[in-house]
Amino acid sequence: MLAATQRLRRSTDFAAAIRGGRRAGRGTLVVHLLVDEPAHASTARAGFVVSKAVGNAVTRNKVRRRLRHLVRPLLDDLPAGTTLVVRALPPAAEATFATLAADLEGALATARRPRRPR
């Protein structure tokens with residue numbers, strides 16, 4: 001379980017990260033990362049989107065628990081005020097824990113990379 005200060009709860013927070021953040025995807029998930037440093041934020045926060053396309057309630061909750069377990073240590077490496085939304089794709093239902101971990105770390109590394117000039 002994530003601490004209360006590390007969880008996204010409001011839909012406006014999810015929408016801000018999805019609309020304004022950097023997006024990076026892998027086979028089992030998509031990461032939306034918004035690096036913003038408001039004065040009141042003391043830690044990075046994370047939220048999870050696991051739709052019915054992933055599976056039934058038992059499957060969705062299993063995927064969400066696995067993602068939450070993988071994200072917890074990664075939040076310490078992110079700057080304060082960062083918002084992270086992890087959206088699970090349907091292949092996440094059958095993915096192994098190692099596959100989810102590799103996809104999450106790869107997508108997060110891509111989203112954190114600075115943009116190339118055009």
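Mentor: Names first: helices (H or I, at least four residues) and strands (E, at least two) are DSSP runs, numbered from the N terminus. This is a predicted model, where local features need pLDDT of at least 70, side-chain atom pairs count only at pLDDT 80 or more, and totals for chains, interfaces and linings use all residues. Residues are numbered from 1 along each chain as its sequence is written, and side-chain values use heavy atoms, with hydrogens and water left out.

Trainee: Okay. Where is Thr28 found?

Mentor: Thr28 sits in the loop between S1 and S2.

Trainee: Is Thr28 buried or exposed?

Mentor: Buried, because its relative accessible area is 5%. The cut-offs are under 20% for buried, over 50% for exposed and partly exposed in between, with a 1.4 Å probe and protein chains only.

Trainee: And what is Thr28 in contact with?

Mentor: If you skip its neighbours within four places in sequence, the list includes Arg87, Ala88, Leu89, Thr99, Leu100 and Asp103. Contact here means heavy atoms within 4.5 Å.

Trainee: Let's do the strands. In what order do they form the sheet?

Mentor: The order is S1-S2-S4-S3, in an open sheet of four strands with mixed pairing. On average, neighbouring strands are turned by 15° against each other, direction ignored. Axes are lines fitted to C-alpha atoms, for helices over the stretch in contact, and angles run from 0 to 180 degrees between N-to-C directions.

Trainee: Back up a bit: what holds paired strands together in general?

Mentor: Backbone hydrogen bonds, with the strands either parallel or antiparallel. For two strands to count as paired, DSSP has to find at least two bridges between them.

Trainee: How many bridges join S1 to S2?

Mentor: Four, and the two strands run antiparallel. A hairpin of three residues links S1 to S2, and Gly25 stands opposite Val30 in S2.

Trainee: What about S2 and S4?

Mentor: They are antiparallel as well, joined by seven bridges. Leu33 is opposite Leu84 in S4, while Leu34 has Thr83 as its bridge partner there.

Trainee: Which sense do S3 and S4 pair in?

Mentor: Parallel, over six bridges. In S4, Arg45 is partnered by Thr83 and Val49 by Arg87.

Trainee: How many residues of S2 are buried?

Mentor: Six of the seven, so S2 is largely enclosed by the rest of the structure. S4 is mostly covered too, with six of its seven residues buried.

Trainee: Which strand is Thr82 in?

Mentor: Thr82 is in S4. Thr82 counts as buried because its relative accessibility is 1%. The side chain of Thr82 reaches the backbone oxygen of Pro79 at 2.8 Å. Its contacts beyond four places in sequence include Leu33, Leu34, Ala44 and Arg45.

Trainee: New topic, helices. Which residues of H1 are buried?

Mentor: In H1, residues 11-20, they are Asp13, Phe14 and Ala17. Those three are on the same side of H1, because they cover an arc of only 100° around the axis, going by the directions from the helix axis to the C-beta atoms. The face turned away from them carries the exposed Ser11, Thr12 and Arg19.

Trainee: What do the buried ones pack against?

Mentor: Strands S2 (29-35), S3 (45-50) and S4 (82-88).

Trainee: And how many residues does H3 have?

Mentor: H3 has 16 residues, 97-112, and reaches 22 Å from its first C-alpha to its last, close to the 22 Å expected at 1.5 Å a residue. That expected span is 1.5 Å times one less than the number of residues. Among its buried residues are Leu100, Asp103, Leu104 and Gly106. The buried residues of H3 pack against S1, S2, H2 and S4.

Trainee: Last one: where is Thr59 found?

Mentor: In helix H2. Thr59 is partly exposed, because its relative accessible area is 21%. Apart from neighbours within four places in sequence, Thr59 is in contact with Val54 and Ala93. The C-alpha atoms of Thr59 and Arg116 are 38 Å apart.

Key: A polar contact is a pair of N or O atoms within 3.5 Å; within protein, one must be able to donate a hydrogen and the other to accept it, and residues adjacent in sequence count only if both atoms are side-chain atoms.
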